[in-house]
Number of protein chains: 2
Amino acid sequence: MDVKTSLSATDWAQAALDAIADGGIEAVAVEPLARKLGVTKGSFYWHFQNRKALLKAALEAWEQQETTDVVRQVEGIDDPRHRLQQVFRVANSGFRNGRLTGVFAASSSDPLIGPVVERVAKNRLDFLIDCYAALGFTPEDARRWAMFAYATFMGTLQLRSDDPTALPRGRALNEYVRLCMESLIPARTESERRRA
Amino acid sequence: MDVKTSLSATDWAQAALDAIADGGIEAVAVEPLARKLGVTKGSFYWHFQNRKALLKAALEAWEQQETTDVVRQVEGIDDPRHRLQQVFRVANSGFRNGRLTGVFAASSSDPLIGPVVERVAKNRLDFLIDCYAALGFTPEDARRWAMFAYATFMGTLQLRSDDPTALPRGRALNEYVRLCMESLIPARTESERRRA
DNA sequence: ACCTGAACACCGTTCAAGT
DNA sequence: ACCTGAACACCGTTCAAGT
């Protein structure tokens, strides 16, 4: 791969997302970002009109990543049970994406951020509902399950915001996924359970 | 009354609350506040260590006002029905207090603000529960009513944040209060209703 | 006890000039 | 097309000096 000789708006947006992931919204500051990118802050204003425009671009990039891109990672998996498991694993792997969701959700009172958070949440919820429906649940039960799973996910994000390293891994992650798939409603028949 | 010759920490905290009410949390800025108070920003640092300490003081003042002070306005009213009506009227009169509640609630993800918002909410809820209980409701119904009333209040705040002048007044306020007191559960006996 | 004035660091924004 | 460099406004913070 060749060395980047000049930056694009996308580069700035990604740098902004990185900054948000470990410093919150206020970490989107032109001068520090320019420093990190190795250019002067003056150059920023060739790509964007102002700081707000950068935040907007970052939000757009995030929405893109969190909808089409993430779904694409698992939509190839035909077995709905396996697909759901993968969704939970992907969603809980790596800090960055979880941190971003957490930060944006916490800032959803901001008129710039709120609508994006809502769209992303609805998108995820719909995807989960489809998965559970494909598992054989009635529409209402699929909805209940999806809400439970999403709420659980958001809740673990909240807990992690205190201790960013405390994301479920290994055995804990397996327990977590199992909980999201079979604790409240008997998702398998007895014979299925014996086979597992 | 005599002319104030020098400022106190309380004066700064109140000025901060005024600023928050019409500009949000970020409007708590030392230099603009100093300008408004007619002093140089240097003098601020005699009263507070930094901006954060001022925010903290403002939050404390708000919590004080919104708990003991507001309750004191209506606790003298013996008839629980009348007392409740007054609470709703007081809570919905004037922008400032409502705006403050709205802004703080929207910023409750801030670790400095969240705990205060929670305490104030619990306090108000408990007060409402007591009122409804005194009205003769069972503990569970009193709780349900109090939650409904408080949620309705918070919801109207949310709506108002778009149009700050749109707070219920006159006939609308009467309707609002009536809704909070008698729409879901028959709060009065038939004979009471005929008397009204 | 309370405030001024000047200083410094830091960030947002603009813009002419460079390649 | 993308960036530098310098400028300006604005805000947080410090501190010696004033009353």
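**Exercise 1.** Determine how the residues of the surface near DNA strand D divide by class.

*Solution.* In this predicted model, local features need pLDDT of at least 70 and side-chain atom pairs count only at pLDDT 80 or more, while totals for chains, interfaces and linings use all residues. Residues are numbered from 1 along each chain as its sequence is written, with chains lettered from A and ligands numbered from 1 in the order in which they are written.

Step 1. A residue is near a strand if its C-beta atom, placed from the backbone, lies within 6 Å of it. DNA strand D is surrounded by 17 residues, and the closest are A:Ser6, A:Val39, A:Gly42, B:Ala29 and B:Val30.

Step 2. Ala, Val, Leu, Ile, Met, Phe, Trp, Tyr, Cys and Pro count as nonpolar, Asp, Glu, Lys and Arg as charged, and the others, Gly among them, as polar.

**Exercise 2.** Describe the packing of helices α4 and α5 of chain A.

*Solution.* Step 1. Helices are DSSP runs (H or I, at least four residues), numbered from the N terminus. Axes are lines fitted to C-alpha atoms over the stretch in contact, and angles run from 0 to 180 degrees between N-to-C directions. For α4 (residues 51–74) and α5 (residues 80–91) of chain A, the angle is about 130 degrees and the axes lie 9 Å apart.

Step 1. α4(A) is therefore oblique to α5(A), since angles under 35 degrees count as roughly parallel, over 145 as roughly antiparallel, 65 to 115 as roughly perpendicular and the rest as oblique.

Step 2. With contact defined as C-beta atoms, placed from the backbone, within 7 Å, A:Val70, A:Gln73 and A:Val74 of α4(A) meet A:Arg83, A:Gln86, A:Val87 and A:Val90 of α5(A). This contact has 4 nonpolar, 2 polar and 1 charged residues.

Key: Helices (H or I, at least four residues) and strands (E, at least two) are DSSP runs, numbered from the N terminus. Two residues are in contact if their C-beta atoms, placed from the backbone, lie within 7 Å.
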